[in-house]
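Welcome! Let us take a friendly walk through this protein, one region at a time.

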Amino acid sequence: MTRIHMETPSGIRDSIPAWIKFSVQAPGEIPYNGIYYDPLPEEKFEFKHHQPKAPKSLRIYEAHVGMSSLDPKINTYANFRDEVLPRIKRLGYNVVQLMAIQEHSYYVSFGYHVTNFFAVSSRCDTPDDLKSLIDKAHELGLLVLMDIVHSHASNNVLDGLNMFDGTDSHYFHTGPRGYHCMFLLSNVRWWLEEYKFDGFRFDGVTSMMYTHHGLQVAFTGNYNEYCGFATDVDVVVYLMLANDLIHGLFHEAVTVGEDVSGMPTFCIPVKDGGVGFDYRLHVAIADKWIELLSKKKDEEWLIGDIVHTLSNRRWLEKCVAYAKSLDQALGGDKTLKIR
């Protein structure tokens, strides 16, 4: 078990290192424990296949490894590699996007309450098993995007970053701004270098970019909504730095940002003054299909309304347009098949 022993003004604290690579839950215990993970050289997984080049058009299969089994169990990286990846390839997808990779002690959060940002989810097995999965995807010609959560962190104190040194400001801003971690550029590079991910889908970017977190705000496209005191400049600069680092070190990497506000320059390169994402995740399209299927009769569908939703984007901005995503299938809703 690996922990940092600290004497703080509020007393002695034992915290899991923020950069821990593997964290597990012991039988009969609730908090996770950091593990020193360093296999013998002959046991370490070695990548065998080159990363594919990014296609001009992404056809993304969104997946949660733990929930991917036909049986009522938490699936493993190895089983996903052997059973699910060939099916994804057979169906004609060229990208697989993996949710819930970063360690999260609360499984029901679907991976969005991250406790250990550099550790893989141990429920699905070891870091080397995840590397094997990604290498197999590359052999099949599939890009692997990671659904990376930098928009918030778990509130857990015993096995997360919250109150790490006895204060709320070690890795976060104090007060209402303090929901977002402040050490994340190294985290971005870690997943790309160590695990050979081909890029990221950044979760909850709207929540990051504004001090009001986008809550109960109806964005209309007026530039005052983006160029005022409500914009968290520190976060926008961080996103620019992250995209600059990703594309500067890994030229074929793909970044997708989940933004519902319509932030100007979101998909313009950093060198041209933009935030630097390759794609915006166009959440409204998936929401529109759910709205039509659940609330409208077929004869009530308005073609003009559908066309507006499909085309409502910044000039020449590339978007990822899901027919459905985890927000519809898991976030308190139902899949299209059930509807």
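## A pair of residues to start from

Please keep in mind that this is a predicted model.

In soluble globular proteins, nonpolar side chains tend to be buried together. The largest nonpolar core in this model has 65 residues. Among those with the most contacts inside it are Phe 80, Leu 98, Trp 191, Phe 202 and Leu 239. Helix H5 (residues 233-249) gives the most to this core, with 6 residues. A second, separate core of 12 residues includes Val 254 and Val 256, together with Leu 58 and Val 283.

Leu 239 is worth a visit of its own. Leaving aside its neighbours within four places in sequence, Leu 239 is in contact with Phe 202, Val 205, Met 208, Met 209, Val 275 and Phe 277.

## Two helices side by side

Two packed helices are described by the angle between their axes and the distance between the axes. For helix H3 (residues 185-195) and H5, the angle is about 30° and the axes are 10 Å apart. Angles under 35 degrees count as roughly parallel, so H3 is roughly parallel to H5. The crossing of H3 past H5 is right-handed.

Which residues meet here? From H3 come Leu 185, Val 188, Arg 189 and Leu 192, and they meet Tyr 238, Leu 241, Ala 242, Leu 245, Ile 246 and Leu 249 in H5.

## Two loop residues with positive phi

Most residues other than glycine have a negative phi. Gln 216 has a positive phi, near 55°, and sits in the loop between helix H4 (205-209) and H5. Is Gln 216 buried or exposed? Gln 216 is exposed, with a relative accessible area of 84%.

Thr 265 also has a positive phi, near 65°. Thr 265 lies in the loop between strand E11 (254-257) and strand E12 (279-281) and is partly exposed, with a relative accessible area of 34%.

Notes. Residues are numbered from 1 along each chain as its sequence is written. This is a predicted model: local features need pLDDT of at least 70, side-chain atom pairs count only at pLDDT 80 or more; totals for chains, interfaces and linings use all residues. Side-chain values use heavy atoms; hydrogens and water are left out. A nonpolar core is a set of buried Ala, Val, Leu, Ile, Met, Phe, Trp, Tyr and Cys residues joined through side-chain atoms within 4.5 Å. Buried means under 20% relative accessible area, exposed over 50%, partly exposed in between (1.4 Å probe, protein chains only). Helices (H or I, at least four residues) and strands (E, at least two) are DSSP runs, numbered from the N terminus. Contact means heavy atoms within 4.5 Å. Axes are lines fitted to C-alpha atoms, for helices over the stretch in contact, and angles run from 0 to 180 degrees between N-to-C directions. Angles under 35 degrees count as roughly parallel, over 145 as roughly antiparallel, 65 to 115 as roughly perpendicular and the rest as oblique. A crossing is left-handed if the near helix is turned anticlockwise from the far one by less than a right angle, and right-handed if clockwise.
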